[in-house]
Amino acid sequence: MVGRPKSPDYVIFFAIIGLLGFGIVMVYSSSAVSAYVNYNDSYYFLKRQMIWATLGILAMLLTMNIDYHAWRKLAKPIMIVTLVLLVLVLVPGLGKVVNGARRWLGFGSLYLQPSEIAKLSMVLFTANSLARSQDKIGNFVKGVVPQLLMLLLVFGLILKEPDLGTALVVSGTVFILLFAAGAKLSHLGSLGAVGVAGIVAAIIAEPYRLKRLLAFSDPWADPLNSGYHIIQSLYAIGSGGLFGVGLGRSREKFLYLPEPHTDFIFAILAEELGFIGTATVVILFFLFAWRGFKIAISAPDIYGSLLAGGITSMIVLQALMNIAVVTASMPVTGIPLPFLSFGGSSLLFTLSGVGILLNISRFVSLK
């Protein structure tokens, strides 16, 4: 224990509650039509999101009251369990296939996404590993390579699902942690170049990824196929204007825009609530990022600093990537918007991570 724990950072707490509120409202608004068509129940996705949000808040309150140092002893066991789950999801008959991707484990209506666990597990593992090897971080072989080996293993398993978006979030988070830990810029630059080359190779290796890249450069070249998602998303955003067409009045959610309640929920938000609504969500993410990185800078020890920075980076990177995809600022990768998109595993483990961040804030003096 470092010092006497105080109250958690309420800026982060209320920013997250605000984002969850937007998420619950928009999940219902964006999914009501497809839920009625597919399940004869307009509240199908809303009810499930409410359950997961409740579980997520309970998990956040629990981790918020667990001394963050306790996660150091659990980092390796959690990573081992995560690796086992990532392997099991690839086994035919165990992993559930949806839209050509094998990303879920479970039975009945209860499913778990191991890659969502992997994001938080990698932060816990890497923060602990880097904190233990601070005197070696300047040495590429002894300080950087051990982190890269675990990253490559996790990256490869997630990419095999396939889930390039999540793999990129994990990689970006580890890269930021290496920078924060004091790795040499020359080492990071070399890793960045190799990483870009690897991403290009991964895109070329899969025809659908190459189509998405080409669609990003000119979506109207194939408006009914590879460019369809981007075009419909831009239609939704453009229709919203300053104040939006009104809550619940989206036209794109009437089976025009694919995945309106998951990956492209931000587009429906823009259509219904306009620039004012999207700006409010972006401001809430900004507040979270500002306070999260401030906690990381002010943490009482290197482990707390790396852990806070890793959790904040993980969430902010994912939000930036999702919004960039929806606004046609980067190719479609299929990644949800934290706290807003429908998804149980994502909500549960992201809120668990926020709870850990809030616990670190209890040992920090913020002004």
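D9 is buried, with a relative accessible area of 6%; buried here means under 20% relative accessible area, with exposed over 50% and partly exposed in between (1.4 Å probe, protein chains only). R291 counts as buried too, at 8% relative accessibility. This is a predicted model, so to speak of local features takes pLDDT of at least 70 and side-chain atom pairs count only at pLDDT 80 or more, while totals for chains, interfaces and linings use all residues. Residues are numbered from 1 along each chain as its sequence is written, and side-chain values use heavy atoms, leaving out hydrogens and water.

So what do the side chains of D9 and R291 form? They meet in a salt bridge, at 2.7 Å from N to O. The term covers a side-chain nitrogen of Lys or Arg within 4 Å of a carboxyl oxygen of Asp or Glu, and the count comes to four by this rule. Three of them, including the D9 one, are in the table.

| Salt bridge | N to O distance |
|---|---|
| D9 and R291 | 2.7 Å |
| E116 and K119 | 2.8 Å |
| K253 and E272 | 3.4 Å |

Now for where they sit. Helices are DSSP runs (H or I, at least four residues), as are strands (E, at least two), numbered from the N terminus. D9 lies in the segment before helix 1 (10-39) and R291 in helix 10 (residues 265-298), so this pair links distant parts of the chain, 282 residues apart.

E116 and K119 are both in helix 4 (residues 114-132), and because they are three residues apart, about one helical turn separates them. E116 is buried at 3% relative accessibility, and K119 is buried at 5%.

K253 and E272 are buried as well.
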